[in-house]
Amino acid sequence: MSEAIIEKYGDARLPRYTSYPTAPNFTADFDAAVYPSWLEGLPERQSTSLYIHIPFCRSMCWYCGCHTTITERDRPILDYIETLHREIELLGSARNGSFSVGEIHFGGGTPTIIKPDEFIALMDAFRDRLGFAEAVNAAVEIDPRTLTGEMAVALGESGVTRASLGVQSFDPRVQKAINRIQSVETTMATVEHLRHNGINAINFDLIYGLPHQTVESCVNTVEAAIRMRPDRLAVFGYAHIPSFKKHQRLIDEATLPDVRERALQAEAIAEALVAAGYVRIGLDHFALPGDDLALAQTEGRLHRNFQGYTTDACEALIGLGASSIGKLPQGYIQNEVPPGLYATRVSKGELPVAKGYHLTPEDRLRGEIIERLMCDFAVDVAALATAQGFDADLLLSGNDRLDKLERDGLIEREGGFVRVSEEHRFIVRAAASAFDAYLNKSGRSFSKAA
């Protein structure tokens, strides 16, 4: 891989494309009154996914880009849980409790900051007020530094099937620089607690591009991680945006690796994981060969949502909690971001919608093209356009971003088929961005074929 290509594309500020359009394109000029009708219009027994955002942590990790609040007191958390129960009631009333929930994901913040009985009560509320499908996959994000044995028991008793552990780096120097001290032993104890309670599907999150990080320290972290044999690993590049996340100003920018070093770290991690028997999934995930994610990639049914790569093909995702985002067939919904404003709206008996977006037929086509590129590194643009009644030339002709990638030898084009080369899969977001109308507003107008 040439240094020129790394310099040109390696540090591009492009969306991760966990949705299309991406969240910055959602608008506050949105009629929140349509949300209940969207919920009511879901077909009976249609599989539904839930995302629950718990926006609290005990301490701030300086690299964090999430919507979270630091609290040492339990009262704000208890008040928030009470509001969540009220939101569940409002959602249940919209359809008289006739959802068919098959996927649940707790994110944050630190979801396990709540007490064991509070977690069990939330799961009971989902089951009793919204309704479960015959089989339910439930996942929770975990900070190993704060998980108690009692909470591990509660997770198992509640039916949690997957746990995602924040690891980031095991290098003590890096940990000090990001204000997150977490030993291998602490992480291992958490894994053992979870597996002892029947939660055998374990994910690890790793980050490269952190302060003081090196290729050697990245590989050392991988070697420590694989000794615990997680089923999946997600490997993300640190995004330094101190103008947006002010706590990131506590990180000394002089200690951050440059774009070339970041690329070397990412590839070293990938090579170490593949050598250990993991399958490379999409842009930034890895899984054991028998894992559902690896099988989905092999069978062409890998998907991408706000949690990254997934086997969840559900068309109905409902977000609960402050800042959470949901997606229904008609479009996207985002809740109020500040927890106080979220609580105020719910206390008034309102679904706390802050922003939304109505999907158009063009959005759906572009979204499918982007998803297939992100998942498969290849897409038949012509076939998808024709199937949905569009003229593929309006996507492909005069597409400057795509033309530049082809000139640089990073993609192959044959008719309406586009493929990202294996060697350059790190530029897949650049390829996806070629079909993002919001990044290409100067391009030609787009309309259905006559």
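## Terms and basis of the model

A residue is called buried when its relative accessible area is under 20%, exposed when that area is over 50%, and partly exposed in between, with a 1.4 Å probe and protein chains only. The model is predicted, and local features need pLDDT of at least 70, side-chain atom pairs count only at pLDDT 80 or more, while totals for chains, interfaces and linings use all residues. Residues are numbered from 1 along each chain as its sequence is written, and side-chain values use heavy atoms, with hydrogens and water left out.

## Aromatic pairs

Both F106 and F126 are buried. Nine aromatic pairs are present in the structure; rings of Phe, Tyr and Trp (its six-membered ring) pair if their centres lie within 6.5 Å, and planes under 30 degrees apart count as stacked, over 60 as edge-to-face and the rest as tilted. F56 and Y80 make an edge-to-face pair, at 5.4 Å centre to centre with 85° between the planes. Because F56 belongs to strand β2 (residues 56–57) and Y80 to helix α3, this pair ties together parts that are 24 residues apart in sequence; helices (H or I, at least four residues) and strands (E, at least two) are DSSP runs, numbered from the N terminus. F56 and Y80 are both buried.

The pair of F106 and F126 is tilted, with 6.2 Å centre to centre and 50° between the planes. F106 lies in strand β4 (residues 100–108) and F126 in helix α4, so parts that are 20 residues apart in sequence are tied together by the pair.

## Helices α3 and α4

Helix α3 (residues 75–95) packs with helix α4 (residues 116–130) at an angle of about 10°, their axes being 9 Å apart; axes are lines fitted to C-alpha atoms, for helices over the stretch in contact, and angles run from 0 to 180 degrees between N-to-C directions. The two helices α3 and α4 are therefore roughly parallel to each other, a term for angles under 35 degrees, whereas those over 145 count as roughly antiparallel, 65 to 115 as roughly perpendicular and the rest as oblique.

Residues in this contact (heavy atoms within 4.5 Å) include L78, I81 and L84 of α3 and A121, L122 and F126 of α4.

## The sheet of β17, β19 and β18

Three strands form an open sheet in the order β17-β19-β18, with antiparallel pairing; two strands pair if DSSP finds at least two bridges between them. Strands β18 (residues 411–414) and β19 (residues 417–420) are joined by four bridges, and I411 stands opposite V420 in β19.
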